[in-house]
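Keep the structure in view as you read.

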Amino acid sequence: MADRYPDIPGAKGPDGTSQDAAEAIAPTVSHLRRLAMHLLARLGDATTLEVVAISGVTRESLQPRFSELRAMGLIEPTGTRRRNPSGKSAAVLRLTDKGRAAL
């Protein structure tokens, strides 16, 4: 599965719960990626958790889509960071030109 990432969700190892989770989420990945991109476009720039907070989707379902979108060149870090509710610093993201064209 890893050789087709980011086109399909990634998993750690060839079997087990990570593989099961990747296979279970696969049918909804396109929708979740579009949702993440539309919300990011609406906000202008945001951290992953800022988008998750307004999405109505669980963090576990949406957060990995940001890694996939970055790997696809559809979103990128702005170079700034903001604190998450946990107090940790998080990268602020924005759509790339390719990402805006894909919407």
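In this predicted model, Thr48, Leu49, Val51, Val52 and Ser55 in H3 meet Arg59, Leu62, Gln63 and Phe66 in H4. By class, the contact of H3 with H4 holds five nonpolar residues, three polar and one charged. H3 spans residues 48-55 and H4 spans residues 59-71. Their axes come within 10 Å and cross at roughly 140 degrees. Angles over 145 degrees would count as roughly antiparallel. H3 and H4 are therefore oblique to each other. The crossing of H3 and H4 is right-handed.

Now turn to the other partner of H3. The axes of H2 and H3 also come within 10 Å, and they cross at roughly 105 degrees. The range from 65 to 115 degrees counts as roughly perpendicular, so H2 and H3 are roughly perpendicular to each other. From H2, the contact draws on Leu35, Ala36, Leu39, Leu40, Arg42 and Leu43. From H3, Val51, Ile54 and Ser55 take part. Seven of the residues in the contact of H2 with H3 are nonpolar, one is polar and one is charged.

Beyond its neighbours within four places in sequence, Val51 is in contact with Ala36, Leu39, Leu40, Leu43, Ala46, Leu62 and Phe66. Val51 also belongs to the largest nonpolar core, which has 19 residues. Which residues have the most contacts inside this core? They are Leu40, Val51, Leu62, Phe66, Leu69 and Ile75. The elements that give two or more residues to the core are H2, H3, H4 and strand E2, residues 89-95. H2 gives the most, with seven residues.

Thr47 lies in the loop between H2, residues 29-43, and H3. Is Thr47 buried or exposed? Its relative accessibility is 0%, so Thr47 counts as buried. Apart from neighbours within four places in sequence, Thr47 is in contact with Arg82, Asn84, Ala90, Ala91 and Val92. Thr48 has its place in helix H3. Thr48 has a relative accessible area of 15%. The cut-off for buried is under 20%, so Thr48 is buried. With neighbours within four places in sequence left aside, Thr48 is in contact with Gln63, Phe66 and Leu93.

Arg65 counts as buried because its relative accessibility is 3%. What does Arg65 touch, not counting residues up to four places away in sequence? Arg65 touches Pro9, Ile25, Val29, Leu32 and Arg33. Arg65 and Gly10 are 55 residues apart in sequence, yet 10.0 Å apart in space, C-alpha to C-alpha.

That leads to the segment before helix H1. Ile8 has its place there, and H1 itself covers residues 17-25. Ile8 is buried, with a relative accessible area of 17%. Ile8 and Ala22 are 14 residues apart in sequence. In space they are 8.1 Å apart, C-alpha to C-alpha.

Definitions and conventions
Residues numbered from 1 in each chain as written. Predicted model: local features only at pLDDT ≥ 70, side-chain atom pairs only at ≥ 80, totals over all residues. Heavy atoms only, no water. Axes fitted to C-alpha atoms, helices over the stretch in contact; angles between N-to-C directions. Helix = DSSP H or I, 4+ residues; strand = E, 2+ residues; numbered from the N terminus. Parallel < 35°, antiparallel > 145°, perpendicular 65-115°, else oblique. Left-handed = near helix turned anticlockwise from the far one by under 90°. Contact = heavy atoms within 4.5 Å. Nonpolar A, V, L, I, M, F, W, Y, C, P; charged D, E, K, R; others polar. Buried < 20%, exposed > 50% of the residue type's maximum accessible area, 1.4 Å probe, protein only. Core = buried A, V, L, I, M, F, W, Y, C linked by side-chain atoms within 4.5 Å.
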